[in-house]
Amino acid sequence: MTKKFPPAAPRVPHMVHGGDYNPDQWLEFPEVLEDDIRLLKGAGINSVSVGIFAWAALEPQEGVYTFEWLDKVIDRLYENGIYTILATPSGARPAWMDKKYPECMRTNSEGVQNTHGRRHNHCYTSPKYRELVWNMNRRLAERYKNHPGIMMWHLSNEYGGECHCPLCAEEFRSFLRKKYDNDINKLNKAWWTYFWSHKFADFDEIDPPSNRGENAVHGLNLDWRRFVTHQTNDFMKMEYRSVKEITPDIPVTANYMTYYDVLNYREMRDTLDVISWDCYPKWHNDFETTIDTSHEGAFNHDFFRSLLHKPFFLMESTPSQVNWHRINKLKRPGMHYLASLQAVAHGSDSVQYFQIRKSRGASEKFHGAVIDHVGPDTDKTRVYKEISRVGSSLSRLDEIVGTTTDSKVALIYDTYNRCAINDYQGFNNANKKYLDTCLKHYSYFHDKGYNCDIIPPYDDLSKYDIVAAPMMYMLYDGVAEKLKEYVSNGGTLVCTYNTAYVDETDLVLLGGFPGGGLRELFGIWNEETDALFPSQSVGIRYNENSLGLSGEIRAVEIAELLHLEGATALAEYSSEFYAGMPAITVNNFGKGKAYYIGARIDKKAIFDFYDAVFKDIKAEPLLSDIPEGVSVKSRNDGENEYVFIMNFSEEKKTVKLGGKYTDILTDEVYDDIAELDVYKIIIIKRKIG
Ligand code: GLA
Ligand code: ZN
């Protein structure tokens, strides 16, 4: 049973409604602060994140500190019931710093050092930058440690990217020495450097990967990814300590990014008290349905919640439009409200924006905000009214704060696996589609009314009825045994083509695919992997089977030629020279079943497949007969389950609730049937058990 967590920020035991606020851009217009406060209060905003890129306003010259403006901002906000999430300013540097200490600046993979400017371009290794950040953060923490208005720390901003400077290269070599026990031959073996005469005689000979230099040793590329995560995390830990030592009771977060694969956030999950992330889907586009667009937020909410299996924060979202998509469409009326509550449905205890006030100049002046360029008249804007509606709804949801999600379904998705797939050269290079494949499987769980955790292969599987691990190309050490244990204890596992081809260092698993002992689990051997051109497909015909799946489907892009070694063929290829070979199989293993989908099939075929499998395992969705376009998710506190029902479609939908319930957002009572208008959401409360 899920327990209820205490509020992430003890000083704000409510749903947090806020966003990034940059009064440091308006110091010469002091009158805006009072007006901003009026507008924030009017929109039900109870928190703002301040100081994110404020270094130049805090220390305009080395050793000259000007914190008075920040004192005033934090005080005035607090006096008005608005709490501050205080940021460390390490995401961007003042010009004096880069002139005096150029080692703080990042070096690109060509070995060229950046010049001053932009943001997120510092070296994570530079002792000087670490010292400057440490000192600045301690100064902030000392000054505000007793301020009752500080609710949380926000470390830097969107840690990301990588640095190839000599300091980083040397740290990389130390990282490798440690990892390979100072034994260069261990590394040579793990990276297969015998290839193209790339063998090293000493760790000193190794450089980070580069397009001008080495990029063909996949083990090197992967270890570089691991190093970049390690080094970024090390920098983040330094920032964490810098404030935590002084303010042990103030929780610390850092904002993570959508589908980001430069860092493996799983290795950074234990560094923070609260996970938060920034969400910017392309709503109302012309290439997918609205529920499909909603998957981006849904998938990432589930991913970030599953890092610590507790509530997270939606740190940024735009109230209207962004400025960095190719086409920056306005959110249609109702979508901001729905997308905000979607985050809560998936386990967020906040709805926050980039940005509170539109900047007047530079690159983000046309990015959506709570407070518009129109200034005091902002409260007449459509956007402001919708934000206020979010604010007033969030204020009704205190009882949901701290509740989290029980999932019976898990999807295994892994960042290093993604990097390794991106790196491999072979099969269908034009259409590898790891993330896309994960999303297709995920969309079934999402659209059919199941909560879904998104986890790495090494997390606990025992609580799930079904686990899907699409394209698990890289098999981590110990995972084969884990999967076998899970299935033999009664679990249902679904894997696909491209499973277990390589080990953790990207060395091929010898002895036939799926390797590492998984041939036994799936009862198959994949002898060859075919790739198909875009206009080609191969027939797949279902055999008589106990799942009741029937008819013909098509394999596209990638198809494996399987042999049975104990499994049953649910479906066989019906064309090509491999007609008659198994395409989809199931193996009874202990008390459970291991399914293998050997070819890429379309979304409808995936949905039909899971319909049959879910029926077989008698999995119960949160509501029955959910209409297309409606998403149903739940949170619970151990006694009550809060069911969020969201219409992500452009049509009215009718939902059967299975009883009489009151919408806790509006107090409207529904007797079994709820008619959901376009983009409408309701939340009902059910007793568990
Ligand atoms: C990111 C950054 C913000 C801002 C927004 C714009 O998420 O963290 O500072 O640039 O994008 O959408
Ligand atoms: Zn560096």
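This short talk walks through a zinc site, some salt bridges and the packing of a few helices in a predicted model.

Hello everyone, and a few ground rules before we look around. Because this is a predicted model, local features need pLDDT of at least 70 and side-chain atom pairs count only at pLDDT 80 or more, while totals for chains, interfaces and linings use all residues. Residues are numbered from 1 along each chain as its sequence is written, chains are lettered from A and ligands numbered from 1 in the order in which they are written, and side-chain values use heavy atoms, with hydrogens and water left out.

Let's start with the metal. Which residues hold the zinc ion (ligand 2)? Its donors are the SG atoms of C123, C163, C165 and C168, at 2.3 Å. A donor here is an N, O or S atom within 2.8 Å of the metal (3.2 Å for Na, K and Ca), and water is not among the atoms, so sites may look incomplete. The angles among the 4 donor atoms run from 102 to 116°, and the site is tetrahedral; for four donors, that means all angles lie between 85 and 135 degrees. For orientation, the ideal angle for four tetrahedral donors is 109.5 degrees.

Along the sequence, the spacing of these donor residues is C-x39-C-x1-C-x2-C. C123 sits in the loop between α4 (95-100) and α5 (127-144), and C163 in the loop between β4 (150-154) and α6 (166-179), so this pair links distant parts of the chain, 40 residues apart. Helices here are DSSP runs of H or I with at least four residues, strands are runs of E with at least two, and both are numbered from the N terminus. Are C123 and C163 buried or exposed? C123 is buried at 0% relative accessibility, and C163 is buried at 4%. Buried means under 20% relative accessible area, exposed over 50%, and partly exposed in between (1.4 Å probe, protein chains only).

On to charges. How many salt bridges does the structure hold? There are 45, each one a side-chain nitrogen of Lys or Arg within 4 Å of a carboxyl oxygen of Asp or Glu. In one of them, R143 meets D71 at 2.7 Å, N to O. R143 belongs to helix α5 and D71 to helix α3 (residues 68-79), 72 residues apart. R143 is partly exposed, at 41%.

Another salt bridge joins D223 and K179, with the closest N and O atoms 2.7 Å apart. Because D223 lies in helix α8 (residues 218-244) and K179 in helix α6, the pair ties together parts 44 residues apart in sequence. D223 is buried at 0%, whereas K179 is partly exposed at 32%. There is also a network of salt bridges linking E170, R173, R177, D204 and D207.

Now, how do α6 and α8 pack? Their axes are 10 Å apart, at an angle of about 105°. That makes α6 roughly perpendicular to α8, a label for angles of 65 to 115 degrees. Axes are lines fitted to C-alpha atoms, for helices over the stretch in contact, and angles run from 0 to 180 degrees between N-to-C directions. Contact means heavy atoms within 4.5 Å. The α6 side includes C168, F172 and K179, and the α8 side includes D223, W224 and F227.

Last stop: helix α12 (residues 415-423), where 7 of its 9 residues are buried. Among them are Y416, R418 and C419, and the cover includes α8 and α13 (434-447).

Definitions and conventions:
Tetrahedral: all angles 85-135°; square planar, octahedral: opposite > 155°, others 65-115°. Parallel < 35°, antiparallel > 145°, perpendicular 65-115°, else oblique.
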